[in-house]
Amino acid sequence: MTRRLSRLFTGLVLFGVSLALMIDAGLGVPSWDVLHQGVARSSGLPFGWVVNGVGALVLLAWIPLRVRPGIGTISNVLVVGLVADAALAVLPSPGDIAVRVPLLLAGIALNAVATGLYVGAGLGPGPRDGLMTGLARRGISIRAARTAIEVLVLATGWLLGGTVGVGTVLFAVAIGPLTQLSLRRFGLTSPDALTPSPGDPAVSA
């Protein structure tokens with residue numbers, strides 16, 4: 001358990017840093033972070049507060065889906081946004097595209113490593129992933145659930161002023177294969193074991 005907790009919190013910290021790197025690059029962020037960024041810009045709240053707040057609200061949607069959070073789920077809601085804000089506070093604002101592109105690529109790669117660590121620890125999914133798997137257990141395919149959620153949050157975030165760009169597309173294309181590699185390298189649980197089956201009652205630690 002000590003090893004799993006270590007990987008969980010290392011992964012969550014690195015995940016927060018990866019978000020800060022992609023935001024700092026200014027070339028587009030993942031769909032959920034388009035939403036977070038849009039809400040932060042329209043409300044004036046810090047980005048990290050919005051990340052944690054949205055995560056907490058998403059957890060409420062787990063209740064009718066009968067998905068149980070694990071320690072990793074709660075930790076995700078508490079840690080990622082705070083780390084992202086702390087990293088954004090110390091990162092410089094790059095102006096040159098020659099600096100921004102490496103920042104974006106580093107953010108995407110680090111995000112995959114972070115996901116492999118915290119998901120592979122097997123202590124509960126993040127609130128957004130749990131929403132997807134919860135919908136899948138209600139008879140909606142993973143593909144349909146993921147696509148519908150991603151399109152909805154991306155469109156909402158863009159309307160609120162979130163940054164959509166080449167980074168958004170590159171993340172969508174690259175994160176799946178990179179995360180699969182990361183899970184195989186860093187996960188304490190096999191990638192196949194992390195895929196929910198229709199008969200599973202819930203996702204828990």
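What percentage of the 205 residues in the protein is buried? Buried residues make up 47% of the 205. Here, buried means under 20% relative accessible area, exposed means over 50%, and partly exposed lies in between (1.4 Å probe, protein chains only). The structure is a predicted model, in which local features need pLDDT of at least 70, side-chain atom pairs count only at pLDDT 80 or more, and totals for chains, interfaces and linings use all residues. Residues are numbered from 1 along each chain as its sequence is written, and side-chain values use heavy atoms, with hydrogens and water left out.

The protein has eight helices and zero strands. Read along the sequence, the pattern is α-α-α-α-α-α-α-α. Helices (H or I, at least four residues) and strands (E, at least two) are DSSP runs, numbered from the N terminus.

Helix packing was examined for H1. Two packed helices are described by the angle between their axes and the distance between the axes. Axes are lines fitted to C-alpha atoms, for helices over the stretch in contact, and angles run from 0 to 180 degrees between N-to-C directions. The axes of helix H1 (residues 2–25) and H5 come within 7 Å and cross at roughly 160 degrees. H1 is therefore roughly antiparallel to H5. Angles under 35 degrees count as roughly parallel, over 145 as roughly antiparallel, 65 to 115 as roughly perpendicular and the rest as oblique. The crossing of H1 past H5 is left-handed. A crossing is left-handed if the near helix is turned anticlockwise from the far one by less than a right angle, and right-handed if clockwise. H1 also packs with H4, at an angle of about 40 degrees and with the axes 8 Å apart. H1 and H4 are therefore oblique to each other. H1 passes H4 in a right-handed crossing.

Helix H5 (residues 97–120) also contributes to a surface feature. Ile 97, Val 101, Leu 105 and Leu 170 form a nonpolar patch on the surface. Together they have about 310 Å² of accessible area. Accessible areas come from the Shrake-Rupley method with a 1.4 Å probe; for residues, only the protein chains shown count as cover. Like charges are joined within 9 Å, and nonpolar side chains (Val, Leu, Ile, Met, Phe, Trp, Tyr) within 5 Å. H5 gives the most to the patch, with three residues. Ile 97 is in H5 and counts as partly exposed because its relative accessibility is 45%.

Thr 73 is buried, at 0% relative accessible area. Ile 74 is partly exposed, at 39%. C-alpha to C-alpha, Thr 73 lies 9.8 Å from Ala 56, 17 residues apart in sequence.

Two loop residues complete the set. Leu 160 is in the loop between helix H7 (142–159) and helix H8 (166–186). Its relative accessible area is 35%, so Leu 160 is partly exposed. Leu 160 and Gly 38 are 122 residues apart along the chain, yet their C-alpha atoms are separated by 4.5 Å. Arg 138 is in the loop between helix H6 (127–136) and H7. Arg 138 counts as exposed, at 54% relative accessibility. The C-alpha atoms of Arg 138 and Arg 66 are separated by 9.7 Å, at 72 residues apart along the chain.

Technical notes. Patch = residues over 30% accessible without salt bridge, like charges linked within 9 Å, V, L, I, M, F, W, Y side chains within 5 Å. Salt bridge = Lys/Arg side-chain N within 4 Å of Asp/Glu carboxyl O.
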